[in-house]
Amino acid sequence: MTTPTVTLTGIQPTGELHLGNYAGAVRPLARLAARPPRETYVFVADLHALNGRPDPEQLRDRTRKMAAALLACGLDDDRVHVYRQSRVPAIAQIGALLTNVTSKGTLNRAHAYKALVAANAAAGRDTDHGVNMGLFTYPVLMAADILAMRADEVPVGADQTQHLEIAVELARAFARTYRPGALREPRAVVAQSGGVLPGLDGRKMSKSFGNTIPLFAPPERQARLIRRVVTDSRRPQDPKDPDSCTLVALLDTFADSATARDVRGRYQTGGIGYGDVKALLAEQLHTTLAPLRDRYEALLADPARLEAALEAGERHAGRRAAETLRLMSAAMRL
Ligand code: ATP
Ligand code: MG
């Protein structure tokens, strides 16, 4: 039997999952997870979210919904382990051990911290204004997330590669100081560019831009949002460029391929107006998402089943992290 590849991804419960997250992160992960031999670990990063000081009730609610969404999007196979980061305490323990092989200089150079320092400096404030230690040590906890599960590969966006480099750096520092090979060095699997889904205003769909279509918003609300997608002023009979149109990008991603192809053809001949494309998109989106939405709603309506699914993931992840912690502790003679 070949040894399975261990894949790991985390997602912060900082808001509602949107179409861009689904197309750019969740769906590719579900497809990857379905390619054996592979064990996939997916966690809701509730500990990471704490550095943004969220309202506790809201954090709990978002964590629950994010977990249900991941399970509903096809990450519910028995080779996929979905868990809440905070429910696998060995991860935080591993993080505490790793702080001792982390140089402060490395964290000083981490992007998220550096960006805040720069913003403070520009505003003439103390450079560490508003920086808590959760934010400053974020890369250490992220290294712990990855190293705890002895992950081989970590799918990341281009903006996350630095954190992965830090995880490799800490694994090497631990190996040098305590025991060669004690921790597995992960590699980044960087998502191909070009996979960026535009939002309502044509910029990248992003929570920060407030231009998203939430994945599990009711269909009527999604249809309303689609009607707000910005288009140019070409009339139905005018030829249009499909490649610069947000509606076509959304159709390419969420409609069946024959429909998307047909619309592309009618753009070039001036055979369709934006209003009709919007109606068609809303309908196609509804059809594509209906099975996922049903699973999502069923999970939220049955808290015991959701809890049981997460606890199964947490037992599995907990055993794996405990084994890593044991190896580290033995190397450190604890
Ligand atoms: P924020 O505005 O807070 O950065 P976001 O909406 O960009 O939030 P993230 O939490 O940064 O979402 O991203 C989660 C995952 O979804 C990442 O893997 C990211 O690459 C992917 N993703 C986010 N937006 C898009 C998009 N518009 N197209 C494709 N993938 C996306
Ligand atoms: Mg982002």
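Which atom of Gly 20 lies 3.2 Å from a nitrogen atom of ligand 1? The atom is a backbone N or O of Gly 20. Please keep in mind that this is a predicted model.

I will stay with the ligand for a moment. An N or O atom in the side chain of Asn 21 sits 3.1 Å from an oxygen atom of ligand 1. For Lys 207, a polar backbone atom is 2.8 Å from a ligand oxygen. On its own, ligand 1 exposes 600 Å², and the protein buries 71% of that area. The shell around ligand 1 is made up of 13 residues, with His 18, Leu 197, Ser 206, Lys 207 and Ser 208 the closest. Sorted by class, that shell holds four nonpolar, seven polar and two charged residues.

Next, the second largest pocket. Its volume is about 360 Å³. There are 17 residues in the lining, and those nearest the centre are Arg 60, Thr 63, Arg 64, Arg 84 and Arg 87. H3 has the largest share, with five residues. What is the make-up of the lining of this pocket by class? It has nine nonpolar, two polar and six charged residues.

On to aromatic pairs. The search over the whole structure returns seven of them. I will show one, Tyr 41 with Tyr 83: the ring centres are 6.4 Å apart and the planes stand at 75 degrees, so the pair counts as edge-to-face.

Last, the backbone. As background, most peptide bonds are trans, and most residues other than glycine have a negative phi. Where does this model have a cis peptide bond? The bond joins Pro 36 and Pro 37, and omega there is about -5 degrees. Pro 37 is in the loop between helix H1 (19–33) and S2. The other entry is Arg 53, which is not a glycine but has a positive phi of about 50 degrees. Arg 53 is in the loop between H2 and H3.

That is the end of my slides.

Note on methods:
Residues numbered from 1 in each chain as written. Chains lettered and ligands numbered in written order. Predicted model: local features only at pLDDT ≥ 70, side-chain atom pairs only at ≥ 80, totals over all residues. Heavy atoms only, no water. 1 Å grid on protein atoms, 1.4 Å probe; cavity = no way out; pocket = protein on both sides within 12 Å on 5 of 7 lines; lining within 4 Å. Points joined across faces, edges and corners; volume = space filled by probe spheres on them. Helix = DSSP H or I, 4+ residues; strand = E, 2+ residues; numbered from the N terminus. Nonpolar A, V, L, I, M, F, W, Y, C, P; charged D, E, K, R; others polar. Near = heavy atom within 4 Å. Polar contact = N/O pair within 3.5 Å; in protein donor to acceptor, adjacent residues only side chain to side chain. Areas by Shrake-Rupley, 256 points an atom, 1.4 Å probe, with all protein chains shown as cover. Phe/Tyr/Trp six-rings, centres within 6.5 Å; stacked < 30°, edge-to-face > 60°.
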